[in-house]
Amino acid sequence: MIQTVSLAPGITLRCIRQSRFKHSCLSLQFVTALEESSAALNALLPTVLLRGCQKAPNIRPVTACLDDNYGSSVSTLVRRVGDIQTTGLYCSFLEDRFAQEGDRVLEEAVSFLLELVLRPVTRDGVFLPEYVEGEKNNLIATIESEMNDKRSYAAAQLRRKMCQGDSFALSRLGTVQQVRAITPAGLHAKYRQLLSTAPVDVFYVGSAQPQSGPFAPQNPAADSTRGYGCGPGQAVHGVRNGHRNRQFLASSHADPVRAVRRCQPHQQALCAGAGEAIPLLRHRSRVLRHQGHPHGQCRCGNPEPGQDP
């Protein structure tokens, strides 16, 4: 069962309490519309954030901090669900009850994840050019290597041809030309935009209480930097359209292309409410894995980090 907690305006925690695992997982994702002008920026952003923060300014201290916290791991997340793109970070760490007495692995993991997201390394008010250029090269190599996986490449080409001119045809990673055009200043501007306006979806699977410790809800009035202090009819689509999103997901299993096109007039509302839709997909994939898939490993559930659905 998914428990939902509003941590702050525009920031929602969805939690599955489960005590049978030795490790917990936590993801933090910005939810936005999949657009040609921003797909590459959103795909590049988490890799640059992972390169370092003010507490750990390069990859070596980042690795040391994770090793000190019982070998925790952090990876990037870039996903697409229909016309929705999510970008963020995923963290896996040891359950507190298996650590030494007094050690708080969960709190350390949440704290470090927030360090990476909220306090990145910058120079003159933008991301470090060497970090951006290095990750641009990595992303270009990833895009160019897509055709090595013939099955995924064929599916992507089919989607591009069938949905040409529609955002559903876009790649979650953008194109090589779009990646090459990214500048440190442009990427940092996109980062600031996501921080101030994009709905944030936090998803946790573990044994901790969803309303205690690092997940304690904040005073809504304390978060004045995000663009959610609007009047009625603005920035509340995620709550108002939650039922519509679930109907969209149910129908998309039968005919995904038709379902996405039928939802096109409500794209903006779906974008704001995608925080409710995405965890439902995750929950469905976990249920399938737990129940046992008729062909062994489930291939119809949630993708691994960095993979298309």
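**Helix H1 and its surroundings in a predicted model**

User: In this predicted model, at roughly what angle do the axes of helix H1 and helix H4 cross?

Analyst: Helix H1 covers residues 39–49 and helix H4 covers residues 129–144. Their axes come within 10 Å, and the crossing angle is roughly 120°.

User: Which term describes the orientation of H1 and H4 to each other?

Analyst: The axes of H1 and H4 cross at roughly 120°. Angles of 65 to 115 degrees count as roughly perpendicular and those over 145 as roughly antiparallel, with the rest oblique. H1 and H4 are therefore oblique.

User: How many residues of the contact of H1 with H4 are charged?

Analyst: On the H1 side the contact is made by Ala40, Ala43, Leu44, Thr47 and Val48, and on the H4 side by Tyr131, Val132, Glu135, Lys136 and Leu139. By class, 7 of these residues are nonpolar and 1 is polar, while the number of charged residues is 2.

User: Which residue meets Glu135 in a salt bridge, and where does this partner lie?

Analyst: The side chains of Glu135 and Arg51 meet in a salt bridge at 3.0 Å, N to O. Glu135 lies in helix H4, so the pair ties together parts that are 84 residues apart in sequence. The partner, in the loop between H1 and helix H2 (59–68), is Arg51.

User: How many residues of the contact of H1 with H7 are nonpolar?

Analyst: H1 contributes Leu41, Asn42, Leu44, Leu45, Val48 and Leu49, and H7 contributes Gly186, Leu187, Lys190, Tyr191 and Leu194. Of the residues in this contact, 2 are polar and 1 is charged, and the nonpolar count is 8.

User: Which strands form the edges of the sheet of 6 strands?

Analyst: The sheet is open, with mixed pairing and the order E1-E2-E8-E3-E5-E4. An edge strand pairs on one side only, and this applies to strand E1 (3–8) and strand E4 (73–81). The edges are thus E1 and E4.

User: At about what angle does H1 run to E5?

Analyst: H1 lies across E3, E4 and E5. Its angle to E5 is about 15°.

Note on methods:
Residues numbered from 1 in each chain as written. Predicted model: local features only at pLDDT ≥ 70, side-chain atom pairs only at ≥ 80, totals over all residues. Heavy atoms only, no water. Axes fitted to C-alpha atoms, helices over the stretch in contact; angles between N-to-C directions. Helix = DSSP H or I, 4+ residues; strand = E, 2+ residues; numbered from the N terminus. Parallel < 35°, antiparallel > 145°, perpendicular 65-115°, else oblique. Contact = heavy atoms within 4.5 Å. Nonpolar A, V, L, I, M, F, W, Y, C, P; charged D, E, K, R; others polar. Pairing = 2+ DSSP bridges. Salt bridge = Lys/Arg side-chain N within 4 Å of Asp/Glu carboxyl O.
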